[in-house]
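Let's walk through this model together, one question at a time. Have the sequence and the 3D view ready.

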Amino acid sequence: MDELIKLSSHQRQYRRFSEEFKRKKVHEIELGLVRIAELCKQYQVTSAAVYKWLSVFGTAKYKPDRLIMES
């Protein structure tokens, strides 16, 4: 695992990850090499951002299904 990166909130706000980086991390998640929580902590990125990467670059469905029941 890479070294933990510490950034200020201002630095995190204007940071951009390359498409290649996102694809690589999504591939690692799909192979089970890294968990989403670990990735978020290591790169100080929100889980919402990682799930967005998964929906754009991933091969599986990562959005939970909604079940609405009416009586």
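A crossing is called left-handed if the near helix is turned anticlockwise from the far one by less than a right angle, and right-handed if clockwise. Keep in mind that this is a predicted model.

Q: Which handedness, left-handed or right-handed, does the crossing of helix 2 and helix 3 have?
A: Start with the two helices: helix 2 covers residues 19-31 and helix 3 covers residues 36-43. Their axes come within 10 Å and cross at roughly 145 degrees. The crossing of helix 2 and helix 3 is right-handed.

Q: Which residues of helix 2 and helix 3 make the contact?
A: By class, this contact of helix 2 with helix 3 has five nonpolar, no polar and one charged residues. Helix 3 brings Ile-36, Leu-39 and Tyr-43, and helix 2 brings Phe-21, Lys-25 and Ile-29.

Q: Why is the pair of Phe-17 and Phe-21 stacked?
A: The structure holds four aromatic pairs, and this is one of them. The ring centres of Phe-17 and Phe-21 are 4.9 Å apart. Planes under 30 degrees apart count as stacked, so the pair is stacked because its planes are at 15 degrees.

Q: How are the rings of Phe-21 and Tyr-43 paired, stacked or edge-to-face?
A: Phe-21 in helix 2 and Tyr-43 in helix 3 are 22 residues apart, so this pair links distant parts of the chain. Their ring centres are 5.2 Å apart. With planes at 80 degrees, the pair is edge-to-face.

Q: Which helix gives the most to the lining of the largest pocket?
A: About 230 Å³ of space lies in this pocket, and 13 residues line it. Phe-17, Lys-22, Val-45, Ala-49 and Trp-53 lie nearest its centre. With five lining residues, the top contributor is helix 4.

Conventions
Residues are numbered from 1 along each chain as its sequence is written. This is a predicted model: local features need pLDDT of at least 70, side-chain atom pairs count only at pLDDT 80 or more; totals for chains, interfaces and linings use all residues. Side-chain values use heavy atoms; hydrogens and water are left out. Axes are lines fitted to C-alpha atoms, for helices over the stretch in contact, and angles run from 0 to 180 degrees between N-to-C directions. Helices (H or I, at least four residues) and strands (E, at least two) are DSSP runs, numbered from the N terminus. Contact means heavy atoms within 4.5 Å. Ala, Val, Leu, Ile, Met, Phe, Trp, Tyr, Cys and Pro count as nonpolar, Asp, Glu, Lys and Arg as charged, and the others, Gly among them, as polar. On a 1 Å grid over the protein atoms alone, a cavity is a set of points where a 1.4 Å probe fits but cannot get out, and a pocket is an open set with protein on both sides within 12 Å along at least five of seven lines; lining residues have an atom within 4 Å of a point. Grid points are joined across faces, edges and corners, and a volume is the space filled by probe spheres set on the points. Rings of Phe, Tyr and Trp (its six-membered ring) pair if their centres lie within 6.5 Å; planes under 30 degrees apart count as stacked, over 60 as edge-to-face and the rest as tilted.
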